[in-house]
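The stops below go from one selection to the next, with a note on what is found at each.

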Amino acid sequence: MGAFVRIELENLEGRKGDFAHVYQPEELNPIDERIRLTEPAHVSGRVRRSRNQVFVEGHVETRAQVECDRCLQPVELPVSADFALDYIPGADYESSEAAELTEAEMSVSVFDGEAIDVDEIVKEQIVLAVPTRMLCRDECKGICPQCGIDKNTGECKCVTDDIDPRWAALKNLT
Ligand SMILES: [Zn+2]
Ligand SMILES: [Zn+2]
């Protein structure tokens, strides 16, 4: 599948390139193995090019859905992210000076020197904006590890030694 928004840099020298796009959820889903969009993603921004560097800045806004870490029920959350990215064309990246620079600055990406793939930026920004751990609510009881019942909606008779998972983790260290 081809990119929806690809900004060709050929004619951009010394000028500002504004862009804006609305992605339908199904155009980007799945974002990764855990994140799906439930509403359209709005992106807007601008691309600037100087001699051998490209700067992209903008904003992404949408709603995403992930599974609760404990009970696996869907959790929806708003996503709102500002981004500012520096790109160095692949050929220049090979030269040692640029390579050292990019190792120091994680916001620098390498690209093919011809176009900026906005689809990829949007997906990346959504992944970065969604917390790696999400709970449906703070007091989510999770799933019984023995019978699999969702303990928020039902009780089971399983006997578990009720160890706080944080203590269990400490126990494993010793
Ligand atoms: Zn939960
Ligand atoms: Zn159980």
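A disulfide is taken here as a pair of cysteine sulfur atoms within 2.5 Å. With that cut-off, a search of the whole structure finds zero disulfides. The model is predicted: local features need pLDDT of at least 70, side-chain atom pairs count only at pLDDT 80 or more, and totals for chains, interfaces and linings use all residues. Residues are numbered from 1 along each chain as its sequence is written, chains are lettered from A and ligands numbered from 1 in the order in which they are written, and side-chain values use heavy atoms, with hydrogens and water left out.

**The whole chain**

Start with the cartoon. Helices (H or I, at least four residues) and strands (E, at least two) are DSSP runs, numbered from the N terminus. The chain has five helices and eight strands. Their order from the N terminus is β-β-α-β-β-β-β-α-α-β-β-α-α.

Switch to the surface. A residue is called buried under 20% relative accessible area, exposed over 50%, and partly exposed in between. Of the 174 residues, 33% count as buried.

Contact means heavy atoms within 4.5 Å. Among contacts between residues at least 6 apart in sequence, 57% join residues at least 24 apart.

Select residues 16-23 and 41-50, which are strands β2 and β4. These two strands run antiparallel and are joined by eight bridges; strands count as paired if DSSP finds at least two bridges between them. For one position along this pair, show Val-22, which stands opposite His-42 in β4.

Show Ser-44 and find its bridge partner in β5, His-59.

**The zinc ion (ligand 1)**

Select the zinc ion (ligand 1) and the cysteines around it. Donors are N, O and S atoms within 2.8 Å of the metal (3.2 Å for Na, K and Ca); water is not among the atoms, so sites may look incomplete. Which residues supply the protein donors of this ion? They are Cys-68, Cys-71, Cys-136 and Cys-140, each through SG, at 2.2 to 2.3 Å. The sequence spacing of these donor residues is C-x2-C-x64-C-x3-C.

Four donors count as tetrahedral if all angles lie between 85 and 135 degrees; four count as square planar and six as octahedral if opposite donors are over 155 degrees apart and all others between 65 and 115, and anything else is irregular. The site is tetrahedral because its four donor atoms subtend angles of 106 to 114 degrees. For four tetrahedral donors the ideal angle is 109.5 degrees.

Cys-71 is buried, at 3% relative accessibility, and Cys-140 is buried at 4%.

**The zinc ion (ligand 2)**

Move to the zinc ion (ligand 2). Its protein donors are the SG atoms of Cys-144, Cys-147, Cys-156 and Cys-158, lying 2.3 Å from it. Angles of 108 to 111 degrees make this site tetrahedral. The donor residues are spaced C-x2-C-x8-C-x1-C. Cys-144 and Cys-158 are both in the loop between α4 and α5, 14 residues apart.

Colour these cysteines by accessibility. Cys-144 is buried, at 2%, whereas Cys-147 is partly exposed at 43% and Cys-158 is partly exposed at 28%.

**Helix α4**

Select Gln-125, in helix α4. Apart from neighbours within four places in sequence, Gln-125 is in contact with Val-60, Ala-81, Asp-82, Phe-83 and Leu-85.

**Two backbone details**

Most residues other than glycine have a negative phi, and most peptide bonds are trans. Select Asn-29 and Pro-30: the peptide bond between them is cis, with omega near -10 degrees. Pro-30 is in the loop between α1 (25-28) and β3 (36-37).

Finish at Leu-72, in the loop between β5 and β6. Phi of Leu-72 is positive, near 70 degrees, and the residue is partly exposed at 47%.

Key: Buried < 20%, exposed > 50% of the residue type's maximum accessible area, 1.4 Å probe, protein only.
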